[in-house]
Amino acid sequence: MAEIPATGLMHRQLIYAIVFIEGFCSLGAEVIALRRLVPHIGSAIVVTAPTIGFFLLALALGYASGAKVAANYPAVVARNFLISAGLAGLGLAGVTVDGLFAHLQPSWIAYLFFIGGVLCPLAWLLGQTVPILTNLMKHQRPGEASGMALYWSTLGSFLGSLSLSLLVMQWLGVSAAAFACTLGLLIGRLLLTGLQWKTVFFSLAIAALAAAVNLQHAVTADTAYAEYIIGNVDLLGQQNPRVLWVNKSVASLLDDSQPPNYTRYITHLRQILLDDLGFKDKEILVLGAGGFTLSHREPLNRYTYVDIDPAIREIAERHFLHEPARGEFIVDDARRFVATSERHFDAVVVDVYSSHTSIPSHLVTREFWAGTRRVLKPDGILLANLILDGKLESPYARNLLATIDSVFGRCAIAVLHKVKPLANVEVSCFASSRPGETGIYVDEKNRADLDRAR
């Protein structure tokens, strides 16, 4: 391939190919960045909205910078693609993001470093592509040239967001998606500059570094929804204990003792269902599969697990349980399932987390808890595992518990690990109860005896 002159005309199809790659990789980088942040700070709107906003701001500034470029158009875009390939391959790697959040505290400082040092520079560089390359489309009207360039760029963004999130992340993992963006940008650079030895050398060097860094991300599985790590731990008195970490958080614990040991909150939930309530031959719905330990070697009842990640059952069975998971598995969003299902259950267990302290925001609202009540039988029970401050003093803890009470009435609350800043809080609510008016007993007007008699 011959070198393209720095100021000459480019073939129209080549320009379209370059801006397509730009759109594909720029939005792909944004999707990857959002996914990389989930294990560390969750996926709440207060995380996703600023991230998207910063990305769009950097993209807009890139458009303005690209409009000011007056010469060496292909060379400038080729340089931008090379730098962006390095940012995508190295900056979006799991070890890089994990390192930032491990060494920079509090987490918002690591977030700003990641956004300001990786995502925004990448968006700014790639944002320059369309305004720069439209200068080379001399035989088209300005409106036609910019419109078609934006069409191919946006088409690339559309396909990049879909293919990377629904195909690459699902089947190969997030690291593979970051590496795919890196390769795409390097291919774009080669299309711009030709097969010169310097170009090929630097492209291969960045590709090799990106491959090495992304392959070092030691996870058991990495899907579009979560990062899974299964590893052995040293726990006194347990035989071969192993832990399933989901997005850096301990989701399940299992060992080879007889009977097996589980996490404290799972043991507590099993005690409520099997010992306190004496469940036998009951239908139990579990929202959030985790390691499928609630039904592990429990033949008395029928379990239905609902989880948004289609890969979680195979991951748990192969790497954690080492045996088939007991129960039916349905791939669905928890809120959509309880809103649409025609089935009714004797118990609904809510254990949904995207990171250690982050419940997806649509799963804490009154409407969601009303949905869980809708699928309960008249004498059913709701059990919810929440991670809150141990003293239940934070606004989040008080408001979340009040939201549940507004649907079910007064619920029982058990705080595990009371001395820790964050604790498992088990909430038990009966479908037979109803929210009602409350009052306060005072000396002047004390109706305690009357209420007790009622």
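How many disulfides does the count come to? The count comes to 1 disulfide, where a disulfide is a pair of cysteine sulfur atoms within 2.5 Å. The model is predicted, so local features need pLDDT of at least 70 and side-chain atom pairs count only at pLDDT 80 or more, while totals for chains, interfaces and linings use all residues. Residues are numbered from 1 along each chain as its sequence is written, and side-chain values use heavy atoms, with hydrogens and water left out.

**The disulfide**

- Cys-411 and Cys-429 form the disulfide, with their sulfur atoms 2.1 Å apart.
- The link of Cys-411 and Cys-429 is right-handed, with 115 degrees about the S-S bond.
- This pair joins distant parts of the chain, 18 residues apart: Cys-411 lies in the loop between helix H14 (395-408) and strand S10 (412-415), and Cys-429 lies in strand S11 (residues 422-430).
- Helices (H or I, at least four residues) and strands (E, at least two) are DSSP runs, numbered from the N terminus.
- Cys-411 counts as buried because its relative accessibility is 7%, and Cys-429 is buried at a relative accessible area of 0%.
- Buried means under 20% relative accessible area, exposed over 50%, and partly exposed in between (1.4 Å probe, protein chains only).

- Cys-25 is buried, with a relative accessible area of 2%, and Cys-181 is buried, with a relative accessible area of 1%.

**The open sheet**

- An open sheet of 4 strands runs in the order S1-S2-S3-S4, with antiparallel pairing; two strands pair if DSSP finds at least two bridges between them.
- Strand S1 (221-222) and strand S4 (249-254) are the edge strands, and each pairs on one side only.
- S1 pairs with strand S2 (residues 227-232) in the antiparallel sense over 2 bridges, and Ala-221 stands opposite Tyr-228 in S2.

**The largest nonpolar core**

- The largest nonpolar core has 61 residues, of which Ile-32, Leu-92, Phe-114, Leu-133 and Leu-185 touch the most other members.
- Helix H1 (residues 12-41) supplies the largest share of this core, 12 residues.
- A nonpolar core is a set of buried Ala, Val, Leu, Ile, Met, Phe, Trp, Tyr and Cys residues joined through side-chain atoms within 4.5 Å.
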